[in-house]
Every structure is written in C-alpha cells, then in structure tokens.
Amino acid sequence: MHKSLFISSGFHLGIILLSILTLPFISKPIDVPPLISVELIQIADFTNIPYAPKAKKIIEKNKKKKKKEENKEVNLEKKNEIIKELAAKKTPTPEKKLKKVKKEKLESIAMPDKKKEKVQLEEEKKQKPSKEIKKDKDLKKITSLIKPNIKDVKVKQVSEFEKKELFDPNNIAALIDKSMEDFGETNKKKNKISQSQDSSMDNSKLTLSEEDALKAQIFGCWSVPMGLPYNENLLVRIKLKLKPDGTLIKTEILDHARMNMPGQGFFKVLAESALRAVQLCQPLRVPTSGYERWKDLQLNFDAREMLGG
Amino acid sequence: MDKLKLLTIICLLFLLKTTNSYSLIEVDITRGNLNPLPVAVSPLFQDKKSKIEFQRELNLDDIGSEISKVVENNLKQSGLFNPLSKDAFLQKPDIAHLKPRFEDWALIKAQALITGKVSIDNGKLKVEFRLWDVLAGREMLALAFTTVPNNWRRVGHIITDKVYERLTGEKGYFDTRIIYVSEEGLKTQRVKKLAIMDQDGFNTKYLTLGNELVLTPRFNPTNQMVTYLSYFRNLPRVYLLDIETGIQEVVGDFPGMTFAPRFSPDGKKIIMSFAKDGKSDIYIMDLENRIVEQITNHPSIDTSPSYSPDGKYITFNSDRSGYQQIYVMKSDGSNVKRISFGNGLYGTPVWSPRGDLIAFTKLHKGKFFIGVMRTDGKGERLLTENFYQEAPSWSPNGRVLIFYRETKTNEKGEGFSAKLWSIDLTGYNERLVETQTDASDPSWSSLLSN
C-alpha cells in the first residue's frame, strides 16, 4: 500500500517536474530570427510628398469650378451689404488689408470650411464686381485697392502652401527627424511582425531561393576531382560555422575518420576539394536575415552524379 | 537506486531543455565544375654552386626552371590543370619553397602551388618539392628524390605524378613511355621501325632498323618488356624485347598469320590470334614453358584479344554473328557473351587497367570512332570521330587513350600522314602527340617508377 503510494507520488512529481522544465511559459522565450514581412498600408498615412504640380493645377481648377457654381447661388444683396460695409469703413491701408487676409488665410488652412467662404468672397470681388460698385467711384477706389491685395493674398496663399507643405526651411530638420522616427517605428513594427510570423516557419531548412543561391555559388567553386572511383561512396559532409556576412569561422569534415582508413585515399582528395570549394566561395551567399538559423550549416558534397556513377 | 534514477531523469530533462531549437540546416551539393584547377608551378630554386655544376654537367642554365616546365606541360596536357603564367608570380622561388605567402598566390587565383629546390650532391641530382593548398594555407605533400643528372626530365614526370595523384585521387601516367611504329616514306613503300619515347614526346629512340615490317608492339604491364610482331622471310614471328637491356628473343614461329600479341596482366602469358584454314582463333602462350593453348574454336574470325586487369576475362572481336562485334568470355574460353549491339562494326577492344571500361574502334557509315563502353556493353560513349583511326591503348591509370589517326591521300597519293593522338575519358581533351616521324600502333607503358 505504502509502496504504491510512493510510486504514484513519484510519478506525479516527475510529471510536475517535466512540465516545469519544458513548458514554454516557464522557460525563456525562444529567440526566433526575424522574417521579412509585407504590410499593406495607406500611402497617405506615411508619406509627406506633396501633390504633384499637375495634380495641384487640376485640383485648383476643380476648386474654381466649384466656386463659380457657388458664386451663382450667392445672394446679390449679401454682396451689396458687404460692399457697403467696406465702403463705409475707412479705406484700409494695403498692409492692414494684407494682414487681415493673411490671417483669414491661415485660419482657412486650419479650417477648410471657413476658407471656402472667405475665398469665395475674395474671388467674387475680383472676378465679378457688381454694376453698382462700378458706378460708385469710391467703391472703385476701394476695389482698386483691394485687387492688388487679393492678388498678393493669392500669391501668399501659394507660397504659404509651399512653405507649409514643401519648402519650409525651418521645418526641414524637424521633418527629417520625424521621418527617421517614423522609419524606426515602422522598422520596429515590421520586426515585431516578422518575429511573430517566424515562429511558424520551418527552421530546419533554407527557403528554396536561399538554397538555390547557395548551391549555385558552390557549384562554381567546386572543382570535382576527376579520378575518383565512381562506384564508391563519394559523399563528404562538411559542417560550417559562419559569420553573419557568410565568411567562414570554422570548417569540419564530419566523416574525418574515413580519411585515414585503408582504401579510402580518394575520400581525402574529395574532402579536400570540398573544403577548397567553400574556402574559395566565401563569403557564402547566405540569407540576409535569420543568422541564428544558418550560422551552423552542413554541406553534403556528393560527386557521384558528376562522375557518372 | 531510485534516487539515482530520478536524478538521471532530471538530468535528461535538462539536456532536452538545453538542446538548441534549431536543427542543423543541410544543403546537398551534387554538382561542381570540370574547369581545370589553377595551379602555380614555381621554378625550382637552385643555389649558385649547383647552378655552375649543372651548367657544366648538363649544359643547362637553369635546371630548376626546366624541371618546372616539364611539370607545367604535363599538367596542362592532362586537361585537368591550368598552370598559371609565371609572370604573375609575386614570390621568389627560394622564399616560396620555405614559406609561401598564401595571400599572394591566392591573389593570382592559384588553388595549388608547387615549389621546390634542386641541388647537386656528390654528382647526383637532388630534388625536393612541396605541394601546397593555397586556400587552406597548408602543405599537402613533400618529397625528395636523388638520381643521376641526366634523369632530370624523369624527375619532372615523377613530380607531376605525385601532384596529380594527390589532387585527383588517381595515379598519374606521366612517368611512362609509349612504344609505337615509326613510319617514313610513301604510303606504298613505308619503312616501319619500332620507336619508343617518353609520354610527352621527348627522348625518342628507335629499337629496330626498319629492314623488316614491324606491327602491334605491346608493353608488358608489369615491366619494360615489349612483345611485337615482325615478318621474317615473309613469315610472322612474335618477338619479346627487353627495353632496358635491348635483348630480343623470338617467342616462336606460328603457322599461318599471327595477329595482335598482347600480355596477360601478370606478364607471364601472351594472348594472340592465329589464322588457319580460313578461320582465326585465340590462343594463349605460357612464356615460361612456351605451351600454346587454344581458347576459342569457332568457324569465324576471332581476333584482338585483351585480358581484364584481374586476368579472369578476355574481350575480343569476332564476326560470328555475321558482323564484327565485341565479345567477352572467361579466360578459359567459356561463357562467351556478345556485348556490343550498336550499329556498325566494332573492333580492337582493350580492357581498361581500371577494369571498368572497354575501349574500342567502331566503323559506322564510313567513319571511324574511338569509344568506350562498360564491360557489360552498356553505356557506350564515342569519344572521337575521324576519317580513319584505330588501335586505342590505355594510359596506366585508365584515364587517357592513345590511338593513331591517318589522313586521306589526294588523287596523286600524296598528303598521307599517320599521327598519334590522345583523348581523355571526358572526350574534350583531344591532343596531338608529337612524334619525330609518322606513327601508328601506339602502346602505353605502365609507370616506370612503380
């Protein structure tokens, strides 16, 4: 009775120990090499590139069309009132006007809805002055004063846009810094993604393209000794320890004992030719990522196919 | 005891835990290139004293350089090596021989480096050489020889053999000789003499005077004996000739026509064919007791017999199927099997010294081919094609074939020539073997230094 109790508790203890030692939540997370992953993003979320000039023109044209349509709907009375108000006021100096419009423009950039209204008004003054205004000399003066200002404003609008969106020299450094930060962030993000994806990958193999690249490189470097007896076992396995750049740290012939066996003199020749091949080929064309995966590599050189056995 | 078990289990669990989560990635390399291996052959260094003595003894300014040229030429002719131009060498021969700067040799793309030193000691030529693996930065081979100064070319051949063997895994074939029939004069009045030369075409010597017609000289695979056929008073005789001593003896007079004598692998027998009563059969003669044994007995023409290297089988050609084809049988004449089934006529089969292939001449659609097939007749490969060529003979390592090729004559009977050619098993490295005269019926010796 006691004996069976001990046995049972022993087994239980064993299972508990097994789970403690092997379950992943206790052991350290496995350092999985990163994978190259592709993430689909909206370009607008990541780029600072402004509109192309052609596109900008088209957009402006569209805007003008919209303005024209809206201008038609604007009440003439409202226009008159505004003009009257302007006329009643003291004639503003161009500088003041400029400042005022500037201010409005700045606001309009911040709040597109308001911008629409104000620009509409200015356009209206410029392009379609009412007959009443024309008759009024004062108003003419006013408009003559306003016109250049509007032009200035227009120019300023473009320059403001450019400054803001394209050439603000004060903000270049900030933009660069920001872009660097963004880049770093995206990189981090990518790494995270790839690492999580990498866990699902088969770590025991290179991808077909990686393997093909490596094979093609070594094919060119391996001068197969022509005198080998092709009815013998012509397989030599070489274990490599590699640096991340593909250069060799260490090479090891796995069947080293065979080299000194009687009647296996050809194996030495074969093994040496394989070693020469890897020496000649280095740095090897290894994948750019996943060093942990391929830092130890085994190459199986088999000359049978070449020698027509 | 239970505690011990528990402890063992815990230790095992720890081991399991600490095992790397990455299994070793394996990549199979099943292809390589057949480009010649770039080799730097540094001139062999000689000191001033030796230089003066060599000049007096051999009338050579720089024997070290001459030996390295022999090595270089051999390696190049093999088709497996690409000796690099000496102009590109950055290190002097004396320093290179002591401690090569591998970076300098790697810079000129050399993968192997041969350095050496030559000196004269008590009237003897002393040569030491080293083979270096440039990429691994280590010595692969180091040897020294002492010989008479006149043997300096042989030293070059021996060095090449050692280098070849170390780098390719098979024995070399450079310290060898080729015996052939030297031909001079018009096609209808050819003067044929036995001639012998080094495999690179140097040191040609004539063994007969040309008074009698000589045919089919063949080397003994074990020594420097030669058997050949010569006509004495219009009767064919089989002769044995010792190259070293120059002693010649008649093996015997045989009835009717005798063809193609060839040694057995142990050199103790001669296998040949006799023509008698309109048929030709294969016979073996024991050289010790001169007893002749008939091997085939068929109302057809069986000729050109050749032993397998283990002496257990014989290949020959026969027209017993209606057309000349290649057959293989046991050395006692039993179990005859036809192995060639391709279109055309097959002849002059020669078993490779490696035992894996049989070389042959094939006549098909008016053209002659030299080819090889496996001993079961499968895997036929035609290596070279020409107007007229035949009599392939293997190099002692079974890598290269030497044969002769004749050119067409014009309407006036001019323009005829017969030259020796060699080709390796890849079929790509075909080369003319330089001879002083026209040449035919070559036979390659075994390695002299064995």
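Predicted model: local features only at pLDDT ≥ 70, side-chain atom pairs only at ≥ 80, totals over all residues.

A: What follows begins with the contact between the chains and then turns to a sheet, a core and the confidence of the model.

Residues are numbered from 1 along each chain as its sequence is written, while chains are lettered from A and ligands numbered from 1 in the order in which they are written.

Where the chains meet, 32 residues of chain B are in contact with 45 residues of chain A, contact being counted when the C-beta atoms of two residues, placed from the backbone, lie within 7 Å. Helix 1 (2–18), strand 1 (25–29) and helix 6 (152–168) of chain B each give at least two residues to the side of chain B that touches chain A; here helices (H or I, at least four residues) and strands (E, at least two) are DSSP runs, numbered from the N terminus. Helix 1 of chain B provides the largest share of that side, six residues. Sorted by class, the side of chain B that touches chain A holds 16 nonpolar, nine polar and seven charged residues, where Ala, Val, Leu, Ile, Met, Phe, Trp, Tyr, Cys and Pro count as nonpolar, Asp, Glu, Lys and Arg as charged, and the others, Gly among them, as polar.

Strand 1 of chain B also pairs with strand 3 (residues 296–302) of chain A, in the parallel sense and over five bridges; two strands pair if DSSP finds at least two bridges between them. Within this pairing, B:Ile25 in strand 1 of chain B has A:Leu297 opposite.

Elsewhere in chain B, which has six helices and 30 strands, four strands form an open sheet in the order 22-23-24-25, with antiparallel pairing. Because strand 22 (345–351) and strand 25 of chain B each have a single partner strand, they stand at the edges, and one side of each is left without a neighbour in the sheet. Strand 23 (residues 357–364) and strand 24 of chain B are joined antiparallel by eight bridges, with B:Phe360 having B:Gly371 as its bridge partner. Strand 24 (residues 367–374) and strand 25 (residues 381–386) of chain B also run antiparallel, over five bridges, and B:Phe369 stands opposite B:Glu385. Six residues lie between these strands in their hairpin, where B:Gly377 takes a positive phi near 90 degrees.

Chain A, by its secondary structure, comes to 12 helices and three strands. The largest nonpolar core has 133 residues, among which A:Leu270 and A:Ala274 touch the most other members; such a core is a set of buried Ala, Val, Leu, Ile, Met, Phe, Trp, Tyr and Cys residues joined through C-beta atoms within 7 Å, and a residue is buried if 20 or more other C-beta atoms, placed from the backbone, lie within 10 Å of its own, exposed if 12 or fewer, and partly exposed in between. Helix 11 (residues 265–281) of chain A gives the most to this core, with nine residues. Apart from neighbours within four places in sequence, A:Ala274 is in contact with A:Trp222, A:Val236, A:Ile238 and A:Phe301.

As for confidence, chain A has a mean pLDDT of 64, and 42% of its residues reach 70 or more. Over residues 90–135 of chain A, pLDDT stays under 50, and over residues 141–200 of chain A it is below 50.

Conventions. pLDDT = per-residue confidence, 0-100.
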